[in-house]
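User: I'd like to learn how to read helix packing and ring contacts in a model. Can you walk me through it?

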Amino acid sequence: MMLAIGFSVIGFVGTTIGEIIKAVISRQREFLADASAVQFTRYPQGIANALKKIGSRSEGSTIKSSSSSTFSHLYFADGVSDFWDNLFSTHPKLDERIRRIEPRWDGRYITETKPKETPPKKKSKAKREIFGAVTTSAIIAAMQQIGQPDERRVEQAHALLDTIPASLKGMSENPLSAQAVIFALLMSRDKTTETKQLASVAECSGVLLKQTQLALASMNALERNAHLALMQLCITSLKMMSLPQYEAFRTCVRELVDADSRISLFEWSMEHLVLQPLDIVFGLAKTPKEVHTHIGAVREEGALFISVLARVQKRDDISAEAAFNAAKKSVGATALNYTAHDTHDYKALNRAVASLQRARLGVRKKVLDMALAALEHDGRVSAEDLELLHAASATLRLPLPLVENEIAR
């Protein structure tokens with residue numbers, strides 16, 4: 001009897017110490033997760049606000065099961081609550097987590113309220129002008145905040161997303177219908193080519209054909225300037241596909257692009273905005289190694305890339321060269337020379353881009369600065385220019401946030 005009691009005491013003490021160690025390690029892991037979230041998003045206010053919203057919920061996270069304590073360290077929130085909560089809790093208190101991110105927090109949580117549904121208003125001429133062209137200062141400000149979005153930029157992005165029809169926005173949230181939205185964006189205005197493209201989609205999937213036709217029916221209500229935002233919404237959902245699904249989607253996109261036996265600038269931008277990032281996500285391509293340490297190492301490739309952008313913007317070599325010279329002057333890259341180039345020779349352009357992708361961060365930022373300078377040489381950046389700029393930024397692994405014309409203020 002005494003031996004059994006002794007083993008019970010030893011077991012109790014050992015279990016208690018084990019639970020304490022588990023709780024301490026788990027709490028520190030939560031703090032580390034918060035710190036990592038702040039590090040990678042560079043948006044501490046957003047992380048703090050998310051925790052404040054969680055704290056305002058009254059439901060709680062307690063799991064009513066006899067085995068809940070066994071797996072408590074694996075939960076997203078504190079699933080066990082008892083008298084020794086502070087000692088055995090596997091998750092730190094929300095207040096403590098918030099104060100570590102926002103030391104001057106006033107202790108108030110954020111209570112979410114459902115927005116009142118209002119009938120859609122007809123866009124005024126002034127509102128359309130907001131999305132008609134983007135000012136250079138807005139883009140420069142956005143470029144300076146790459147990886148560091150503030151609340152105003154988030155609000156502007158929401159304003160832009162509100163211009164997307166609800167039907168298309170809903171389709172972008174599902175991996176299957178998101179594919180159809182991308183297909184619809186690639187559809188040609190030429191009826192013969194469109195018929196050929198729809199046949200390619202039908203060979204891919206009958207369900208996708210119906211979804212694509214539904215998306216096409218809503219495309220007339222989509223503003224030209226919202227194409228980029230819709231595309232980026234779809235990418236999030238497309239990442240949830242399986243590898244075989246993505247490979248089939250990728251093949252179909254290629255067939256749609258090749259339907260008219262030529263590649264347009266929009267199709268080139270689409271490839272670099274959608275397929276290239278997804279290729280890395282699904283393991284079909286690797287992130288290029290950074291080997292070029294200065295702009296001189298990619299002088300010819302950089303000159304070709306900026307020359308094409310300038311040529312697309314200006315349509316003639318004389319004006320394009322002037323835009324090119326302004327671009328290289330803006331970053332002090334005087335060794336670069338304008339290259340008269342066929343803007344439809346995308347193979348040469350892709351080779352230049354592949355080389356630029358292997359440049360160091362500082363070099364890639366300099367190339368992106370030149371791209372902006374070339375595109376805004378006339379003082380305005382159109383929707384097509386903005387798509388090209390986003391394609392360039394995605395290619396150079398410097399994702400640019402959505403920007404809105406500052407005329408709105």
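User: Which way does α9 pass α11, right-handed or left-handed?

Analyst: This is a predicted model, and in it α9 passes α11 in a right-handed crossing. Two packed helices are described by the angle between their axes and by the distance between those axes. Here α9 (residues 175–186) and α11 (residues 206–219) pack at about 55°, with axes 8 Å apart. That angle makes α9 oblique to α11.

User: And which residues of α9 and α11 make the contact?

Analyst: From α9, look at Leu 176, Ser 177, Gln 179, Ala 180, Val 181, Phe 183, Ala 184 and Leu 185. On the α11 side you'll find Val 207, Leu 208, Gln 211, Thr 212, Ala 215, Leu 216 and Met 219. Sorted by class, the contact of α9 with α11 has eleven nonpolar, four polar and no charged residues.

User: What about α9 and α12: how do their axes cross?

Analyst: The axes of α9 and α12 cross at roughly 145° and come within 9 Å. α9 passes α12 in a left-handed crossing. Pro 175, Ala 178, Gln 179, Val 181, Ile 182 and Leu 185 of α9 meet His 227, Leu 230, Met 231, Cys 234, Ser 237 and Leu 238 of α12. The residues of this contact split into nine nonpolar, three polar and no charged.

User: How do α12 and α14 pack, and at what angle?

Analyst: α12 (residues 227–238) and α14 (residues 265–281) pack at an angle of about 25°, with their axes 10 Å apart. So α12 is roughly parallel to α14. The crossing of α12 past α14 is right-handed. α12 brings Leu 228, Met 231, Ile 235 and Leu 238, while α14 brings Phe 266, Met 270, Leu 273, Val 274 and Leu 278. By class, the contact of α12 with α14 has nine nonpolar residues, no polar and no charged ones.

User: Now the rings. How many aromatic pairs are there, and which residues do ring pairs link into a cluster?

Analyst: Two rings count as a pair if their centres lie within 6.5 Å. By that rule there are five aromatic pairs. Ring pairs join Phe 183, Tyr 246, Phe 249 and Phe 282 into a cluster. You've already met Phe 183, as one of the α9 residues in the contact with α11.

User: Which residue lies over the face of Phe 31?

Analyst: That's Arg 100, at 3.6 Å from the ring centre of Phe 31.

Notes:
Residues are numbered from 1 along each chain as its sequence is written. This is a predicted model: local features need pLDDT of at least 70, side-chain atom pairs count only at pLDDT 80 or more; totals for chains, interfaces and linings use all residues. Side-chain values use heavy atoms; hydrogens and water are left out. Rings of Phe, Tyr and Trp (its six-membered ring) pair if their centres lie within 6.5 Å; planes under 30 degrees apart count as stacked, over 60 as edge-to-face and the rest as tilted. A charge sits over a ring if NZ of Lys or CZ of Arg is within 6 Å of the ring centre and within 35 degrees of the ring normal. Axes are lines fitted to C-alpha atoms, for helices over the stretch in contact, and angles run from 0 to 180 degrees between N-to-C directions. Helices (H or I, at least four residues) and strands (E, at least two) are DSSP runs, numbered from the N terminus. Angles under 35 degrees count as roughly parallel, over 145 as roughly antiparallel, 65 to 115 as roughly perpendicular and the rest as oblique. A crossing is left-handed if the near helix is turned anticlockwise from the far one by less than a right angle, and right-handed if clockwise. Contact means heavy atoms within 4.5 Å. Ala, Val, Leu, Ile, Met, Phe, Trp, Tyr, Cys and Pro count as nonpolar, Asp, Glu, Lys and Arg as charged, and the others, Gly among them, as polar.
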